[in-house]
Amino acid sequence: MPEAFEYAPAPESRSIVSIRSSYGLFIDGEFVAPTYERKFKTIDPSTEEVLAEVSEAGPEDVDRAVAAARRAYETTWGSMKPSERGKYLYRIARLVQERSRELAVLESIDNGKPIRESRDIDLPLVAAHFFYYAGWADKLPHAGYGPNPRPIGVAGQVIPWNFPLLMLAWKIAPALATGNTVVLKPAETTPLTALHFAEIVQQAGLPNGVVNIVTGAGETGRSLVTHPDVDKVAFTGSTEVGKEIARSIAGTSKKVTLELGGKAANVVFEDAALDQAVEGIVEGIFFNQGHVCCAGSRLLVQESIVDDLMMRLKRRLETLRVGDPLDKNTDIGAINSFEQLAKIRELSDIGDQEGAERWSPACELPDRGFWFPPTVFTGVSQAHRIAREEIFGPVLSVLTFRTPEEAVEKANNTPYGLSAGVWTEKGSRILWMAQRLRAGVVWANTFNKFDPASPFGGYKESGYGREGGRHGLGGYLDV
């Protein structure tokens, strides 16, 4: 097997970003102290270094934030001329671009993802979403939701730790474009880019209270979701929490969109371009350390090519570099938290116990921080837990099939339905598969491709509602 080239370290400078020792809550256009001065620490998962102390919002703080959002909605934002709202979104998009290097470094420090991904994928998409929805702000009567679509009011938004700033953009941009105001809670392990986004909100001159950011853990999110003056709930995260949210708002008038877990099938047929498919497999499961709800964590390979494909895949994995997220050569960064690492280890050990065969390339993991090597399990059946449960880490389960019908049956044999991939040279087979796969997004001869104009969302336990595109406006309109 060929060895990876030896590259000299190419670290991105940490000095470009200034991290405060302590952060307050962002309410009504300014940073304020929480009611009870409760703090928690956010750490660098690659070193376990404490980065900052962050305020924990209690119910009283959530009350203040929602009241500020309601006031802004009723006095300025909801009645503002749509073209003026669009100008603010354009301004935010440009400021994100101007500060993109700083924000990319901060995202990699707080999250653990490689700088190459945060710099080249996350930040360009963040700006693109604000640009895209800025364009919709004065065109809502032409979006297909009637001649006079109206905003809902105050949106309570809860986002996860895997794409902190990108998920913020997915939530805030369409909400503001449609005339709603926002109270957003970032994940407790990755709050820093949201707090720096609050500075961008100030720079853009956004009216006070239009965007509010409250930090904290589960209780803070629960206070926001159940608040009686929140009109819309938008959540991205685990299926378990999504079910709890759905139960908590049942019987109320709140609108809700849920983007939850996944266990996507990446289906490779015997006529596929195998080297291209290998790149898509790697992108599908090892991008962002596998911390992706639509990750291609189940690889379905036609039996006739499984040996050839696995040889190529293993050879490719031996070239991946695991290490410092700020090194521009790094392919796989740190696992976001010790808790997530423990879950990945637990399910991988269960894969061993159930008889699947584990393989990882030889790689030296750093002594400090949270790390897990890229891992492939073969000999996996649909009964294995690693084939059924979302691991949310760099772990791939390989299954085989003989016919297209068997591939569809195995791909759909999951409680999830967020995404899928199909690799074949036959366009007719792509369309045949896409019609039968129960997944919100089906990629053909590619994987993990996103565009702000394209809607994203799932079926079954992967949630409901769509984010992105024209469809993403509907969740924030009273129609």
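Tutor: A polar contact is a pair of N or O atoms within 3.5 Å; within protein, one must be able to donate a hydrogen and the other to accept it, and residues adjacent in sequence count only if both atoms are side-chain atoms. This is a predicted model, in which local features need pLDDT of at least 70 and side-chain atom pairs count only at pLDDT 80 or more, while totals for chains, interfaces and linings use all residues. Residues are numbered from 1 along each chain as its sequence is written, and side-chain values use heavy atoms, with hydrogens and water left out.

Student: Which side chain is joined to that of threonine 424 by a polar contact?

Tutor: The side chain of aspartate 271 is, at 2.9 Å. The threonine 424 side chain also reaches the backbone nitrogen of lysine 426, at 3.2 Å.

Student: And where is threonine 424 found?

Tutor: Threonine 424 is in the loop between strand 17 (419-423) and helix 14 (427-436). Helices (H or I, at least four residues) and strands (E, at least two) are DSSP runs, numbered from the N terminus.

Student: Is threonine 424 buried or exposed?

Tutor: Threonine 424 is buried, its relative accessible area being 0%. Buried means under 20% relative accessible area, exposed over 50%, and partly exposed in between (1.4 Å probe, protein chains only).

Student: What does threonine 424 touch, not counting residues up to four places away in sequence?

Tutor: With that exclusion, threonine 424 touches Phe269, Asp271, Ala272, Arg429, Ile430 and Asn445. Contact here means heavy atoms within 4.5 Å.

Student: Switching to glycine 417: where is that one found?

Tutor: Glycine 417 lies in the loop between helix 13 (404-412) and strand 17. Glycine 417 counts as buried, at 3% relative accessibility.

Student: How far apart are glycine 417 and glycine 440?

Tutor: In sequence they are 23 residues apart, and in space 6.4 Å, C-alpha to C-alpha. Glycine 440 is also among the residues that glycine 417 touches, as are Arg438 and Tyr459.

Student: Now the whole protein chain. How many helices and strands?

Tutor: The secondary structure of the protein chain comes to 15 helices and 20 strands. Its radius of gyration is 22 Å, close to the 23 Å that the globule rule gives for 479 residues, so the chain is as compact as a globular protein of that length. The radius is taken over C-alpha atoms, and the rule is 2.2 Å times the number of residues to the power 0.38.

Student: What share of the 479 residues is buried?

Tutor: Buried residues make up 59% of them.
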